[in-house]
Amino acid sequence: MSKIVTIQIQGRSYNINTNEDENYLRKITAQLDLAITDAVHSCPNISFIEQMILVGLEQQDQICCLKKQVAEMQDKLEHYNIGEGLGCIADYRESITLLNQRADALQHENDSLRTQLKQTFATLSKLTEETSKPATRKDSDD
């Protein structure tokens, strides 16, 4: 069931329409907020949008690395010699499950970041449009 959850990122409130567990959404929001804070500290002279882009790129890089690790582990599992011991297979499967969960969490974070970035661009576009309109002046007939 879809619900509206209000989250805070860098002191800004966002209403998110989601089917996700509210605690999960707050957890990934906190992780995203921390990543943005790190970007602010490492590059204080860039805009909020540029910070969001940097964080998004970093998140996407993490997702790709995790997916690569999963693929490598799956490949090892397929070529694993059963005579070497079955215990390692369970370890690999557990690692794959954990990596898949982390990749899914990062994908959710990245999707949330994309949503936030779209909202920020829309707001920025609206503000730019409003500020670029010529000011109108009412003339009074006194």
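The model is predicted: local features need pLDDT of at least 70 and side-chain atom pairs count only at pLDDT 80 or more, whereas totals for chains, interfaces and linings use all residues. Residues are numbered from 1 along each chain as its sequence is written, and side-chain values use heavy atoms, with hydrogens and water left out.

**Strands**
- Strands β1 (residues 3–9) and β2 (residues 12–18) run antiparallel and are joined by seven bridges; strands are DSSP runs of E with at least two residues, helices runs of H or I with at least four, numbered from the N terminus, and two strands pair if DSSP finds at least two bridges between them.
- Isoleucine 7 stands opposite tyrosine 14 in β2.
- Two residues separate the strands of this hairpin, where glutamine 10 takes a positive phi near 55 degrees.

**Helix α2**
- The 31 residues of α2 (residues 48–78) should span 45 Å at 1.5 Å a residue, and the end C-alpha atoms are 45 Å apart, which agrees; the expected span is 1.5 Å times one less than the number of residues.
- Glutamine 51 lies in α2 and counts as buried because its relative accessibility is 6% (buried is under 20% relative accessible area, exposed over 50%, partly exposed in between, with a 1.4 Å probe and protein chains only).
- Beyond four places in sequence, glutamine 51 touches Ile36, Ala39, Val40, Cys43 and Ile46 (contact means heavy atoms within 4.5 Å).

**Nonpolar cores**
- The largest nonpolar core has 17 residues, of which Ile7, Ile36 and Val55 touch the most other members; such a core is a set of buried Ala, Val, Leu, Ile, Met, Phe, Trp, Tyr and Cys residues joined through side-chain atoms within 4.5 Å.
- α1 gives the most to this core, with six residues.
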